[in-house]
Amino acid sequence: MSGLVAVLHFACIAIGAPAFRVLGAGERLAIMAERGHWYPGVLALSIGAAFSLCAVYALSAAGMLPSLPMRRTVLSLFTAVLLFRALAFPLLKAVFPWNSTAFWLVTSSICLAMGMLHLIGLKQVW
């Protein structure tokens with residue numbers, strides 16, 4: 001799941017404004033991307049990189065890749081961030097009012113599902 005989320009964010013960089021719109025990032029971000037502003041690309045790259053790192057660490061924890069340093073710490077922190085993001089959306093929505101309610105509900109649900117799956121995986125492995 002983390003790999004898929006990363007690919008979707010990288011697609012926003014490659015495709016531009018239409019991808020930001022389809023993924024519900026908000027018209028403000030899409031317009032910034034259309035105008036060539038640096039912020040949407042850097043934001044998508046940062047989020048994509050974080051999810052890529054998480055995917056690699058999750059595969060390592062599952063035994064599909066070699067053991068990585070600080071595996072427990074990295075996966076525990078990422079799980080906490082996902083769960084925090086899922087539960088804190090009412091506070092975040094006030095900071096980013098240009099995103100729709102549908103965006104916040106969908107992305108928060110995805111973060112909650114991914115966070116719970118990571119939590120279950122962490123409990124099984126450790």
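Helices H1, H4 and H7 each supply at least two residues of the lining of the second largest pocket. Helices here are DSSP runs of type H or I with at least four residues, numbered from the N terminus. This is a predicted model, where local features need pLDDT of at least 70, side-chain atom pairs count only at pLDDT 80 or more, and totals for linings use all residues. Numbering starts from 1 along each chain as its sequence is written, and side-chain values use heavy atoms, without hydrogens or water.

**The two pockets**

What's a pocket? On a 1 Å grid over the protein atoms alone, a pocket is an open set of points with protein on both sides within 12 Å along at least five of seven lines, and lining residues have an atom within 4 Å of a point. A volume is the space filled by probe spheres set on those points.

| Pocket | Volume | Top helix in the lining |
|---|---|---|
| Largest | about 1,100 Å³ | H7, eight residues |

Let's start with the largest pocket. Among its 36 lining residues, His 9, Ile 47, Arg 85, Phe 103 and Thr 107 are the closest to its centre. Helices H1 (2–15), H3 (27–34), H4, H5 (71–87) and H7 (101–125) each give two or more residues to this lining. By class, the lining has 29 nonpolar, five polar and two charged residues. Ala, Val, Leu, Ile, Met, Phe, Trp, Tyr, Cys and Pro count as nonpolar, Asp, Glu, Lys and Arg as charged, and the others, including Gly, as polar.

Now for the second largest pocket. It has 16 lining residues, and Ala 58, Leu 59, Leu 117, His 118 and Gly 121 lie nearest its centre. Twelve of the lining residues are nonpolar, four are polar and none is charged.

Trp 38, Tyr 39, Val 42, Val 95, Phe 96 and Trp 98 make a nonpolar surface patch of about 580 Å². For such a patch, residues need over 30% relative accessible area and no salt bridge, and nonpolar side chains are joined within 5 Å. A salt bridge is a side-chain nitrogen of Lys or Arg within 4 Å of a carboxyl oxygen of Asp or Glu. Areas come from the Shrake-Rupley method with a 1.4 Å probe. Helix H4 (residues 38–61) gives the most to the patch, with three residues.

How values were computed. Patches are made of residues with over 30% relative accessible area and no salt bridge: like charges are joined within 9 Å, nonpolar side chains (Val, Leu, Ile, Met, Phe, Trp, Tyr) within 5 Å. On a 1 Å grid over the protein atoms alone, a cavity is a set of points where a 1.4 Å probe fits but cannot get out, and a pocket is an open set with protein on both sides within 12 Å along at least five of seven lines; lining residues have an atom within 4 Å of a point.
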